[in-house]
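Let's take a friendly walk through a protein model together. Have a look at the structure below, and then we will follow its strands, its helices and a few of its side chains.

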Amino acid sequence: MNTQVPDDNANHILLVDDDKRIRDLLSRLLKENGYRVTTAANAADARRCLAGLEFDMIILDVMMPGETGLQLAAALRQDSQIPILMLTARSEAPDRIAGLEAGVDDYLSKPFEPRELMLRTAAILRRGNQQPVIAREEIHFGPFAFNAARGELKNGDAMVRLTDREKQILSI
């Protein structure tokens, strides 16, 4: 059992479940397996987390008060391709089909084997990491714009002088 703090470069997972006990158990399991974890108790909490942080994957319960996991997954699919694993007590074929139709990448029924969850999580993340990264020519942050191809940083219309090292860091 790995009790180390996950690396800053570890995959970051958003865990959404209304049951605090399950959130705590899954969070501990994921952290012990090297993942960074943020938890949310419902879809509204998940949306707040997604607005402020970047995640590599979402593990999502179906049955939650208010907006369901299926509704959240379908809404996320409209403008995001973040991998989603549906983890739920609803295990019948129509439930699994509804989850897949909502756009989830995988569906695991409760109760589940922890090792199976870890294997499915790793497989989803492996597939997700194969997507090509599209480099943007110009990146904007605050009043600044950095053109990686030219190595130029502008503050509004004013050019900012950069050392070679600063250009290298901004390019990364």
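Let's begin in the sheet. Strand β1 (residues 12-16) pairs with β3 in the parallel sense, over 4 bridges. Strands here are DSSP runs of E with at least two residues, helices are DSSP runs of H or I with at least four, and both are numbered from the N terminus. Two strands count as paired if DSSP finds at least two bridges between them.

Before going on, a word about the model. It is a predicted one, in which local features need pLDDT of at least 70 and side-chain atom pairs count only at pLDDT 80 or more, while totals for chains, interfaces and linings use all residues. Residues are numbered from 1 along each chain as its sequence is written, and side-chain values use heavy atoms, with hydrogens and water left out.

**The sheet**

Which way do the residues of β3 point? M57 and I59 point one way, I58 and L60 point the other way, and all are buried. Buried means under 20% relative accessible area, exposed means over 50%, and partly exposed lies in between (1.4 Å probe, protein chains only).

Strand β4 (residues 84-88) also pairs with β5 in the parallel sense, over 4 bridges. In this pairing, M86 stands opposite Y107 in β5. Taken as a whole, 5 strands form an open sheet in the order β2-β1-β3-β4-β5, with parallel pairing. β2 (36-40) and β5 (106-109) stand at the edges with a single partner strand each, so one side of each has no neighbour in the sheet. From one strand to the next, the twist averages 20 degrees; axes are lines fitted to C-alpha atoms, for helices over the stretch in contact, and angles run from 0 to 180 degrees between N-to-C directions. In general, strands of a sheet pair through backbone hydrogen bonds, either parallel or antiparallel.

**Helix α1**

Next comes a helix. Among the buried residues of α1 are I22, L26 and L29.

At the start of α1, a side-chain oxygen of D19 comes to within 2.9 Å of the backbone nitrogen of R21. This is a polar contact: a pair of N or O atoms within 3.5 Å, where, within protein, one must be able to donate a hydrogen and the other to accept it, and residues adjacent in sequence count only if both atoms are side-chain atoms. Just after α1, G34 takes a positive phi of about 90 degrees.

**Salt bridges**

How many salt bridges does the structure hold? There are 9 salt bridges, each being a side-chain nitrogen of Lys or Arg within 4 Å of a carboxyl oxygen of Asp or Glu. Here are three of them.

| Pair | N to O distance |
|---|---|
| K20 and D24 | 2.9 Å |
| R47 and E67 | 2.7 Å |
| E152 and R150 | 3.0 Å |

K20 and D24 both lie in helix α1 (residues 20-32), 4 residues apart, about one turn of the helix. In general, an α-helix has 3.6 residues a turn, so residues three or four places apart point the same way.

The side chains of R47 and E67 also meet in a salt bridge. R47 lies in helix α2 (residues 43-52) and E67 in the loop between β3 (57-60) and α3 (69-77), so this pair ties together parts that are 20 residues apart in sequence. Both are partly exposed, R47 with a relative accessible area of 36% and E67 with 25%. Salt bridges that share partners also join D17, D61 and K110 into one network. K110 lies in the loop between β5 and α5 (114-128) and counts as buried at 18% relative accessibility.

**One more contact**

R77 lies in helix α3 and is buried, with a relative accessible area of 17%. Its side chain reaches the backbone oxygen of I82 at 2.8 Å.
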